[in-house]
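Please consult the sequence and the structure shown here while reading.

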Amino acid sequence: MSAVEACLRAGSDLPGDSARRDAEILLTHVLGKPRSWLYAWPDAQLTPAQAEHYAELLARRRAGEPVAYLTGVREFWSLNLEVTSATLIPRPETETLVDWALALPLPVDARVLDLGTGSGAIAIALAVERTGWDLTALDAAAPALAVAERNVARLCPGRVQCLQSHWFAAVAGRQYALVVSNPPYVESDSPWLAQGDVRFEPASALVAGERGLDDLQALCAAAPAHVAPGGWLLLEHGYQQGAAVRELMRASGFVAVETRCDLAGHERVTGGCRRAD
């Protein structure tokens, strides 16, 4: 049998710049213990089955598989979300969009739409913060939507309606006080697609044409029919796409258009208001 500290040392060669942290997360997943327990009981022994499971996870991580997919969990907005290979892994940059949405002067019963919801991260974060909002989350991929539905049932039951839809198709004729989306925005030939965790994430949720703007352009063009007068559109995008998305929003008639930066200082979310009639 293997001791806890020896197991952690065995993960010192994991890829990336957080090998120790990744080893801790994988070991706590196997043991069903908090990370603090590892340091309280460094000499505790794993059972043969636990040691075998941990060794398997280390091997998969060395091959590049994301820790979130290995454990099936990723934290976002202090929520433990289920994730699978059918969904993108929620990232801290997207919390920039959530922050902005929560700061908007919307009605307490605002109708809000999340497009391309994936794991449901954005919609669920908004639902737990604004219990009066009427939230709908759409995704074209049935496997991803199933993950979102499970997350909703566990974290905010009955608070978010999940529908399968290619962008606005399932909500034709409806308007919302706020529409949010983290759509695909990576260029089809981007070298980033061959690096790190991204290699294992669904390409359909990442890639959007030669310039990475195909879906952002489609959303901006269609949004005026679905954003109520005085309502808002917030879109996450690549750090070099801010100017292009601002232009797309203004061309679609949105006003008060601006871009906000993530914690790393990169342009990350652009928003605009539909002019009140």
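The points below treat the cysteines and then the salt bridges.

The model is predicted. A search of the whole structure finds zero disulfides and 14 salt bridges.

**Cysteines**

- No disulfide is found anywhere in the structure, and Cys162 accordingly takes part in none; the nearest cysteine sulfur, which belongs to Cys156, is 8.2 Å away.
- A disulfide requires two cysteine sulfur atoms within 2.5 Å.
- Cys162 counts as buried because its relative accessibility is 14%, and the cut-off for buried is under 20%.
- For Cys261, the closest cysteine sulfur is that of Cys220, and the separation of 18 Å is too far for a bond.
- Cys261 is partly exposed, as its relative accessible area is 41%.

**Salt bridge between Glu5 and Arg20**

- Glu5 and Arg20 form a salt bridge, in which the closest N and O atoms are 3.4 Å apart.
- Glu5 belongs to helix 1 (residues 4-10) and Arg20 to helix 2 (residues 19-31), so this pair ties together parts that are 15 residues apart in sequence.
- Glu5 is partly exposed at 24% relative accessibility, and Arg20 is partly exposed at 33%.

**Salt bridge between Glu267 and Arg246**

- Glu267 pairs with Arg246 in a salt bridge, with 3.4 Å between the closest N and O atoms.
- Arg246 is found in helix 10 (residues 242-251) and Glu267 in strand 9 (residues 267-274), so the pair ties together parts that are 21 residues apart in sequence.
- Glu267 has a relative accessibility of 28% and therefore counts as partly exposed.

- Arg260 forms a salt bridge with Glu258, and their closest N and O atoms are 3.7 Å apart.
- This distance of 3.7 Å meets the salt-bridge cut-off, which is within 4 Å.
- Arg260 is partly exposed with a relative accessible area of 32%, and Glu258 is partly exposed at 34% relative accessibility.
- Elsewhere, salt bridges with shared partners join Glu5, Arg9, Arg20, Glu24 and Arg35 into one network.

Methods: Residues are numbered from 1 along each chain as its sequence is written. This is a predicted model: local features need pLDDT of at least 70, side-chain atom pairs count only at pLDDT 80 or more; totals for chains, interfaces and linings use all residues. Side-chain values use heavy atoms; hydrogens and water are left out. Buried means under 20% relative accessible area, exposed over 50%, partly exposed in between (1.4 Å probe, protein chains only). A salt bridge is a side-chain nitrogen of Lys or Arg within 4 Å of a carboxyl oxygen of Asp or Glu. Helices (H or I, at least four residues) and strands (E, at least two) are DSSP runs, numbered from the N terminus.
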